[in-house]
Amino acid sequence: MDNVSRRKVLLSSAAVGGAAALGTGQLAAASSAGAAARGVPASTITPADARYPDFVSGSNGRWRARPDAIRVATETEQVVAAVEEAVRAGKRVAVRSGGHCYEAFVYHSDTQVVIDLSAMNDISYDQKRRTFVIEPGCTLMEVYMELYRRWGVTIPGGSCSSVGAGGHIQGGGFGLLSRQFGLTSDYIHAVEVVVVNAAGKARAIVATSDKNDPHHDLWWAHTGGGGGNFGIVTRYFLRAPGTERLAPEKQLPQPPGEVYVHQQSWSWNTITEDRFRTLLRNYSNFYAEYSEPGNPYAGMFSMLVCSTKASGSISMTTQIDATQPGAAGRLDDFLAEIGGHMGDAQPTTLSTNEMRAMPELFAPQARPWLVATRQLGGSGWGGRGDYKSAYLRQAFPEEQISAMYKNLTETDQRSALVSIDSYGAQVNAVGTDATAAPQRDSILKLQYQAYWSEDAEEAAKLSWIRNMYRDVYADTGGVPVPNEVNDGCYINYPDIDLSDPEWNTSDTPWHDLYYKQGYPRLQQVKAAYDPGNVFRHAQSVRLPE
């Protein structure tokens, strides 16, 4: 089947069976409520339903809501009907695909209706449009496995296997293959989006990368503009630019058949401030040298996880394309340049919330790509956490290293860290205004993280992560204001503190930290496609004044 996968056929068959079970009177009532003629309404879960507790929170256990209903859709027409019904009733709408939003953008006290897309998880190929089609409820691991097994291709998405495609792709979509292939959003040819006009009428629009498309700006807004801003994406149409005449196997990146993977750690017992400083200098200087597209290390990704001293160790996980000539030697050279001076690297035995311990990888191992993707993929769910981000455009300034060392060592907090991920290379091959993801000349991406299990721990964890972030960026008002060193924040790691004048004392508003010069254009898209501000949250794109 070319245009529809077998899974979609099965879902449609189940929908027909469900319609028959309703009976003609109920089906007619559903139709009059705006359901699609060829299907049934989205399933409705209310507080009386035994499933309700599983649908009112996501991966971050900090956030729970008590919506009137969750509408679980299986097709675009159901989303249109559910949105229009909620708008007509004056209900506040929120949207969920995979449930991995770090802030309370979905599960907050104002939410009355959640449009849940988790059952829209079809992956297929559209012969007419000459694109791959990914629905928003697909998890990244489902996407990787289906694309690879059927066509031998992939997307350069994130490492957390349970993240949903819906929000991940439109926020940029960064992962272990991004230095080699760019951001996932760079492969969006078109998006199908359910939008609401000024009269409250919902409809589905397909917006494409074709500059003559009247909805071209709506396409652009979904290439890094973040979720919950303009409408509900019900389908992504993906292919590399200029590949419409090629076979499907040539339209998305072909991952390396084999990669080398490696992991090592350094005990905090052996790390002085001078040694920590040298480690971060070496690491950031290396990526400053190898940040251009097509450089010899474009096929390599690494993650330096600096946990607090109370947590026990600093670790580094690395993956490199093993099919490139000399890959093993380049990996050895990298490891020697980054940590060889320390001389006491050891197998990783302490897991962090960011990466599990894999002592078997202390000696670099060759792995088939999909095996490595499963091995390195995380899937955290249900714990509590807080997150902050920053892009780095050049090697770490000394004052930032000093602030990190102080905050990592002068605390008794465990399960707290900063992950320093390699960035750049092919990501930097795209112009800063070509997509809505403007950070296109960075070398590293940082994610500050704090985790806890009990409510009683929250205050201390939040205090630690907030103060560390403020200290590191003290010279720019406590946030990474874009300049010659920093380049703002990643919208897929949303941080409500960026909007708080207590924690952002700079003159740069939160939206410019995410979107830089592209924010006014995003506002114009908002005005055109969501004039009633139906799709909104604490950091959604604002209507222009």
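F276 touches W268, I271, C306, I314, I401, M404, Y405 and L408, leaving aside residues up to four places away in sequence. Contact here means heavy atoms within 4.5 Å. The model is predicted: local features need pLDDT of at least 70, side-chain atom pairs count only at pLDDT 80 or more, and totals for chains, interfaces and linings use all residues. Residues are numbered from 1 along each chain as its sequence is written, and side-chain values use heavy atoms, without hydrogens and water.

The largest nonpolar core has 122 residues. Within this core, F276, F334 and L446 touch the most other members. Helix α4 (residues 140-151) gives the most to this core, with seven residues. Another core lies apart from it and has 18 residues, among them V79, V113, I115 and F535. A nonpolar core is a set of buried Ala, Val, Leu, Ile, Met, Phe, Trp, Tyr and Cys residues joined through side-chain atoms within 4.5 Å. Buried means under 20% relative accessible area, exposed over 50%, and partly exposed in between (1.4 Å probe, protein chains only). In soluble globular proteins, nonpolar side chains tend to be buried together.

Helix α4 has 12 residues. From first C-alpha to last, α4 reaches 16 Å, close to the 16 Å expected at 1.5 Å a residue. The expected span is 1.5 Å times one less than the number of residues. Helices (H or I, at least four residues) and strands (E, at least two) are DSSP runs, numbered from the N terminus. In α4, the buried residues are L140, M141, V143, Y144, M145, E146, L147 and W151. Just after α4, G152 takes a positive phi of about 75 degrees.

Two packed helices are described by the angle between their axes and the distance between the axes. The axes of α4 and α10 (residues 369-376) come within 11 Å and cross at roughly 175 degrees. That makes α4 roughly antiparallel to α10. Axes are lines fitted to C-alpha atoms, for helices over the stretch in contact, with angles from 0 to 180 degrees between N-to-C directions. Angles over 145 degrees count as roughly antiparallel, under 35 as roughly parallel, 65 to 115 as roughly perpendicular and the rest as oblique. On the α4 side, M141, Y144, M145 and Y148 meet W369, L370, T373 and R374 of α10. The contact residues divide into six nonpolar, one polar and one charged. Ala, Val, Leu, Ile, Met, Phe, Trp, Tyr, Cys and Pro count as nonpolar, Asp, Glu, Lys and Arg as charged, and the others, Gly among them, as polar.

## Helix α3

Helix α3 (residues 76-88) has 13 residues and reaches 18 Å from its first C-alpha to its last, close to the 18 Å expected. Its buried residues are T76, Q78, V79, V80, A81, A82, V83, E84 and A86. They pack against β2 (69-72), β3 (93-96), β4 (113-116), β7 (188-196), β8 (202-208) and β9 (232-238). Just after α3, G90 has a positive phi of about 70 degrees.

Most residues other than glycine have a negative phi. R130 has a positive phi, near 60 degrees. R130 sits in the loop between β5 (123-126) and β6 (131-134). With a relative accessible area of 22%, R130 is partly exposed.

S415 also has a positive phi, near 55 degrees. This residue lies in the loop between α11 (398-409) and β15. S415 is partly exposed, at 31% relative accessibility. L417 is found in strand β15 (residues 416-422). L417 counts as buried, at 1% relative accessibility. L417 and D530 are 113 residues apart in sequence and 38 Å apart in space, C-alpha to C-alpha.
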